[in-house]
Amino acid sequence: MGYSFIHGRDTFCSDNVNQILNAALLSVNPLECVKKKIQIEKKSIFISDRQYLLSELREIWLIGAGKAVLPMAMGTVEKLGERIKRGNLITKHLDRAIIQELPGTIMVSQGDHPVPSDRSVEATRQMIELSESASENELVICLISGGGSALMTLPSEGIELEHVQELTGLLLRSGADIEEINTIRKHIDQVKGGGLLKSIFPGKSISLILSDVLGDHIPSIASGPTVADPSSYQDALGIIKKYRLQDKVNPGIIKHIAEGMSGQKDETLKQGDPILANHKNVLIGSLRTAAEAATSEAKELGFHSELLPLNIAGEARDVGKRLGGLLRSAVSEGSLPKPVCMVAGGEPTVTIRGSGKGGRNQEVALSAAQELEGFERCLVISLASDGEDGPTDAAGGFVTGDTIIRGRDYGLDSRAYLDNNDSYHYLEQTDSLIRIGPTGTNVNDLYLMIAY
């Protein structure tokens, strides 16, 4: 049983699209991705290529944060069972069915995303209290996935949460990309940029990581809580200046960064630190995993399938224009045999200029629809793999050659809606929203371009 992503189109199209996208999400199912990395053989536990002798471990602990942390925890528990003695997890959604299956000694807390909250801070404080008590005889398994930056938040001394919230909002509205946002987060927070790993030492530790960052740059995933950080306080200030926010950011944050630049504050964890020798980071799934699964499934279904770049970024409306234009050109030129399914991925940004409602995937879809107008048997899907596109109940949108025509019949001006960042209401009125709810995974955005 899988998700129903699209509807209202002919059976060939909807059935195949749903099958392709379900295959993609199944390939990055957090529970299964974790289980593949853990094996028990006689007196040892193997996690990825690391071997841990049970005789040398007093206890195994489980900590982590992110949108996918609960199914990741369930996968770990299914493999290690009663060997896990303690734990602390921070999630966005409380999945009661999973929580009931976890050992009672594992504390599960709810935080907020994309803007951190007081409960994010309190949950993180409790996690750090546990991790700081680890000795060299403990193995601490860290589960990290997208959303961890906001869910796992503990502002640096002298910085108030409300000022972090304000800065996060300013960066999001300014169109800063995730790596830029995380660079700043690392330098105003105690757990990011290797801070969590510092708290675990001298305990043994290993991180299982589900990537939501383009290119799978591990220091950027959840702001790299267990990874050496290549960025600096100077970089953080440069990003604030780039978006002309220095006069809008709380002076306490600017002061903290300035003190870091002058050496009065400790830098984030750097390569070569001996703490890193006691730890390993393991990537268990990513956008590439999902995109390759989608491409393979499309081929099995008889499509001419092609895997395109997975690092698509920039303004969402520009991305939609490129994707729609690519499909239109392929159809016009007859350069690809039908049926064709092109798979791409990325994570664009939205610079908010209007007062409407939507998310980056919905803007991509609406912009692509303008390029496809009048082209028959063509479809573009833009999907947030976590099922949550911006502050909406949609996961993205699916558009065809008649989406704009149908909207015009309803008296809708697609360009006006796009200019007002109101893609949600346009797609809703043209029956083009994808609504599937939270998926439990998070590996960036997937795009399908189909002609049949």
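The legends below describe close-up views of a predicted model.

**View 1. Helix H12 and its length.** Helix H12 covers residues 287-300. Just after H12, Gly302 adopts a positive phi of about 95°.

**View 2. The buried residues of helix H12.** Leu287, Ala290, Ala291, Ala293, Ala294, Thr295, Glu297 and Ala298 are the buried residues of H12. Their cover includes helix H1 (11-27). Strands E10 (304-307), E11 (340-346) and E15 (445-451) are also among the elements that cover them.

**View 3. The largest cavity.** The model has two cavities of 30 Å³ or more. The largest holds about 60 Å³ of space. Pro116, Ser149, Thr153, Pro155, Val164, Thr168, Arg185, Ile188, Asp189 and Lys192 line the largest cavity. By class, this lining consists of four nonpolar, three polar and three charged residues.

**View 4. The second largest cavity.** The volume of the second largest cavity is about 40 Å³. Its lining is made up of Val164, Leu167, Thr168, Leu171, Ile181, Ile184, Arg185 and Ile188. Helices H7 (161-174) and H8 (178-186) are the elements that each give two or more residues to this lining. H7 supplies the largest share, four residues. Six residues of the lining of the second largest cavity are nonpolar, one is polar and one is charged.

Key: Residues are numbered from 1 along each chain as its sequence is written. This is a predicted model: local features need pLDDT of at least 70, side-chain atom pairs count only at pLDDT 80 or more; totals for chains, interfaces and linings use all residues. Side-chain values use heavy atoms; hydrogens and water are left out. The expected span of a helix is 1.5 Å times one less than its number of residues. Buried means under 20% relative accessible area, exposed over 50%, partly exposed in between (1.4 Å probe, protein chains only). Contact means heavy atoms within 4.5 Å. On a 1 Å grid over the protein atoms alone, a cavity is a set of points where a 1.4 Å probe fits but cannot get out, and a pocket is an open set with protein on both sides within 12 Å along at least five of seven lines; lining residues have an atom within 4 Å of a point. Grid points are joined across faces, edges and corners, and a volume is the space filled by probe spheres set on the points. Ala, Val, Leu, Ile, Met, Phe, Trp, Tyr, Cys and Pro count as nonpolar, Asp, Glu, Lys and Arg as charged, and the others, Gly among them, as polar.
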